[in-house]
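Below are some notes for a colleague who is looking at this entry for the first time. They go from the overall picture to a few local details.

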Amino acid sequence: MSTAEQNQRPLEAGIVTDFRDRMNYAGYLCLDALLAQQRPLSNPPHHDEMLFIIQHQVSELWIKQLIHELTAAIRFVQQDQLDPCFKILSRVKLIQMQLFDQWAVLETLTPSEYMEFRSVLGHASGFQSFQYRKLEFLLGNKNKDAVRVFSHAPEIYQDLEKTLYSPSLYDEFLCHLRRRGLDVPDACVQRDWSGPYQKNEQLVEVFRLIYERPRDYWDAYEMCEKLVDVEEYFQLWRFRHMKTVERIIGFRPGTGGSSGVGFLKQALELTFFPELFAVRTWLKQK
């Protein structure tokens with residue numbers, strides 16, 4: 001047997017090779033369409049523009065999955081079923097880790113390389129990602145002004161408005177706790193869902209009860225910790241985004257008209273579930 005023959009894995013007899021009338025891998029994943037969507041605009045094409053496009057397209061695919069998962073979690077909480085949310089939110093955390101790690105790939109793009117094709121973006125910016133905006137709305141970071149960016153796209157605008165005026169995952173969780181008889185304040189469950197969530201000190205006491213008696217409220221306790229995971233990894237993603245932008249463009253304004261790094265730093269002050277972090281300060285020592 002020759003060296004070439006030794007360094008080869010023979011096809012097994014059962015492997016299908018004729019796909020004239022069968023579903024195949026490329027067909028199921030619509031690869032013809034998917035792989036045709038990377039269209040660099042630099043002329044002549046700059047080598048690194050492909051990375052920039054794919055990085056953001058992959059992020060949008062992961063965000064689509066996050067929306068899919070969180071929408072399902074909201075439905076389960078509405079039905080007072082917390083257990084199915086645990087796997088969903090564990091998956092959400094792992095997807096967030098993927099999004100965090102992706103920034104390392106983009107950081108291989110040097111400032112001088114990016115400047116060679118940045119002009120082709122025009123005013124295109126991640127701030128205009130309607131999926132990202134919907135993701136933040138699902139988690140409770142509501143901002144009516146942000147929806148105006150999508151007024152040119154009626155279907156997207158209507159979908160975002162619907163999410164804006166609907167309870168977030170945290171809102172639904174608080175309603176669930178209220179239905180269970182816990183002393184969730186009226187202000188937390190009877191409010192304008194389109195407004196940003198405001199921390200409520202009375203609610204901290206509700207979570208203190210859950211955290212100090214985890215055996216009595218095990219599913220609620222577990223749900224709290226899953227939500228903390230989501231917020232922590234969202235903040236890590238925001239921070240890595242900000243540092244990547246700072247590394248590549250410094251303190252230049254963003255392509256969409258923002259102040260750039262300064263605007264991204266402001267996002268680090270935003271919170272989804274403030275009482276879940278506040279309660280840690282007040283737990284009694286055993």
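1. The model is predicted, not experimental. Its secondary structure consists of 14 helices and zero strands.

2. On overall dimensions, the C-alpha trace spans about 75 × 55 × 40 Å along its principal axes. Of the 286 residues, 41% count as buried. Among contacts between residues at least 6 apart in sequence, 71% join residues at least 24 apart.

3. The side chains include 34 positive and 38 negative ones, and the centres of the two sets lie 2 Å apart.

4. Helix H7 (residues 130-139) deserves a look. Nine of its 10 residues are buried, which leaves the helix mostly covered. The buried set is Gln-131, Tyr-132, Arg-133, Lys-134, Leu-135, Glu-136, Phe-137, Leu-138 and Leu-139.

5. Which helices do the buried residues of H7 pack against? They are helix H4 (49-78), helix H8 (154-164), H9 and helix H12 (218-249). Just after H7 comes Gly-140, with a positive phi of about 110 degrees.

6. Turning to the rings, the structure holds 16 aromatic pairs. Tyr-170 and Phe-207 make one that is stacked, with 6.4 Å from centre to centre and 15 degrees between the planes. This pair links distant parts of the chain: Tyr-170 belongs to helix H9 (residues 169-179) and Phe-207 to helix H11 (residues 201-212), 37 residues apart.

7. Are the two partners of that pair buried or exposed? Tyr-170 counts as buried because its relative accessibility is 1%, under the cut-off of 20%. Phe-207 also counts as buried, because its relative accessibility is 0%.

8. Ring pairs also build a cluster that joins Trp-103, Tyr-132, Tyr-170, Phe-173, Tyr-197, Phe-207, Phe-234, Trp-237, Phe-272 and Phe-273. Tyr-132 is one of the buried residues of H7, and Tyr-170 and Phe-207 form the stacked pair described above.

9. Two arginines lie over aromatic rings. Arg-133 is placed over the face of Phe-127, at 4.8 Å from the ring centre; Arg-133 is also among the buried residues of H7. The charged end of Arg-280 sits over the ring of Phe-277, 6.0 Å from its centre.

How values were computed:
Residues numbered from 1 in each chain as written. Predicted model: local features only at pLDDT ≥ 70, side-chain atom pairs only at ≥ 80, totals over all residues. Heavy atoms only, no water. Phe/Tyr/Trp six-rings, centres within 6.5 Å; stacked < 30°, edge-to-face > 60°. Helix = DSSP H or I, 4+ residues; strand = E, 2+ residues; numbered from the N terminus. Buried < 20%, exposed > 50% of the residue type's maximum accessible area, 1.4 Å probe, protein only. Lys NZ or Arg CZ within 6 Å of the ring centre and 35° of its normal. Contact = heavy atoms within 4.5 Å. Lys, Arg positive; Asp, Glu negative; His and termini not counted. Charge placed at Lys NZ, Arg CZ, Asp CG, Glu CD.
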